[in-house]
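Biologist: I have the two chains open on my screen. Can you walk me through what the atoms say?
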Amino acid sequence: MNFTLRLFLTFSSVSFFVIVFLVQNQINPFACQLGCYYWITYIAYILIPFILTFISLGICKLLSKSSLQKVTSIETSNNDFLANYLAFFFVALSIKEMPAFWVVFGMTLMFTFVSRVSYFNPIFLVFGYNFYYVHTNENVKVMIISKKKLKSPNTFEAMTVRRINDYTFIEI
Amino acid sequence: MNELIGKVKSEYKNILSQKDKILVSIDFSKVEAIDFKPSHNLENDEWFQIKDFSKQAFYIEQCDKNFSTASLSQVSNEEYKILSCLCIFQGTERHFQRITPALYVSKKTLLDYSGQPKIVEHKQQIEIKSESDAIYYITKDLLYFKSIGKIKSIFPGIEELHRVATQKEVDKFLAHKFIKLAEYETKTVGTQNRKRIADIGTKYEKLTSDKKQKLIKYAKDKSGLTVDKDTFEIGSDVDLKKLLYAMDQRYYYADIYEEERIASSIRPNLDAKKKK
């Protein structure tokens, strides 16, 4: 269960890679049927990551809960993933051949899956979630994905979070 | 929310959390709790307590009200076999249970009659005891427990409260002028007596020389040991125990029942009126 969920989260997080590749290479199986409305396919492509993320947020509600009582530091990290994402885009843009696509996509998927920051999904931001690095009272640094605006450890209120992995938690 | 964590080697790991209570709480207002004294043997319905537990050297951060389970890693399935203790967060209570091999209920075949009768092969399971080995109340800052031996791996250092005297201390104690060893060596002193030496021996040293004299006289009268001039002859662990009991003033006369008695367990009676 946990493995499938993590794979799903990872996939929805790197799905832009596929979309960029499909658009760049003008892969449009329904071009003939759609005629001058061929761009509908591209809109459908763009919607895919949003739908996947929406579903994965639903799955996150099934994750086990943990408590976060007190934090000693809060650091926002909304912008950190941008570098990763730009890299994704440029790599996807420069790939022309299918074999190269599968190899690079497979590797990206694998490394994102095994890395502890695999859930940097920018679409979470669109859905109103923020990314924070916090140090807990026990001085452990974890990532919290939450809709709340966290500013200061002093005003931090205890929250129940869902465990995505040992270092990443989401508050739903 | 109630949470369950477990200790794998020296690290606590997250196990689960749920809305429902994991254990039935004990109402300690109806239980006799006694400040820990090594000389007291608990009755079945009594508990030891340690006040101001958070100020003790053996306090652990898992008792802190601000402890976040998000700080812990998730336990993996292979690690359940090497769990050494469970800790249950339940409201303002923290329950601690030592895991012993007997609590693993794998390889059991049971008849389940909850619905259609059926044979159930027990999967890998760990029994959670209804009575925890130690319970910490955050609001009262009190730790309740029954046996130090069971919780010394959970609260490292707590065994100092009921420690075993070192060989040096035993040697020093048995070297007192009033003790004469007969076919008995300082190295063969048993664990229980070593614990008594650590407790009673230290108490004795703190007495004034006048009181020490009185105590020796008392021991002569009550202990039943062979006394040669002013020395007690100690030939076995039993003799040593008798002497130590005497040094702890555990022999008394119950005047109404007209009976000489030995107290195998003692503690201060805080409710009694003070003698003038």
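Modeller: Let me start with S68(B), which counts as buried because its relative accessibility is 0% (buried is under 20% relative accessible area, exposed over 50%, partly exposed in between, with a 1.4 Å probe and protein chains only). This is a predicted model, where local features need pLDDT of at least 70, side-chain atom pairs count only at pLDDT 80 or more, and totals for chains, interfaces and linings use all residues. Residues are numbered from 1 along each chain as its sequence is written, chains are lettered from A and ligands numbered from 1 in the order in which they are written, and side-chain values use heavy atoms, with hydrogens and water left out.

Biologist: Where does S68(B) lie in chain B?
Modeller: S68(B) is in the loop between β4 (46-50) and β5 (83-90) of chain B. Strands here are DSSP runs of E, at least two residues, and helices are runs of H or I, at least four, numbered from the N terminus.

Biologist: And what does S68(B) touch?
Modeller: Leaving out residues up to four places away in sequence, S68(B) touches S67(A), L68(A), Q69(A), K70(A) and E138(A); contact means heavy atoms within 4.5 Å. The side chain of S68(B) reaches the backbone nitrogen of Q69(A) at 2.8 Å.

Biologist: OK, zoom out. How many residues of each chain are in contact?
Modeller: 17 residues of chain A contact 16 residues of chain B. The area buried between the chains is about 1,300 Å², with carbon and sulfur atoms giving 44% of it. Buried area is the accessible area (1.4 Å probe) that two parts lose on being put together, summed over both.

Biologist: How many salt bridges across the interface?
Modeller: The rule finds zero, taking a side-chain nitrogen of Lys or Arg within 4 Å of a carboxyl oxygen of Asp or Glu.

Biologist: Which strand gives the largest share of the chain A side?
Modeller: β1(A), with four residues.

Biologist: Different topic. Which residues of α5(A) are buried?
Modeller: F101(A), F105(A), T108(A), L109(A), T112(A) and F113(A). They are on the same side of α5(A) because they cover an arc of only 125° around the axis, the arc being that of the directions from the helix axis to the C-beta atoms.

Biologist: What covers them?
Modeller: The cover includes α1 (2-24) and α4 (81-94) of chain A.

Biologist: And which exposed residues are on the face turned away?
Modeller: P99(A), V103(A) and V114(A).

Conventions:
A polar contact is a pair of N or O atoms within 3.5 Å; within protein, one must be able to donate a hydrogen and the other to accept it, and residues adjacent in sequence count only if both atoms are side-chain atoms.
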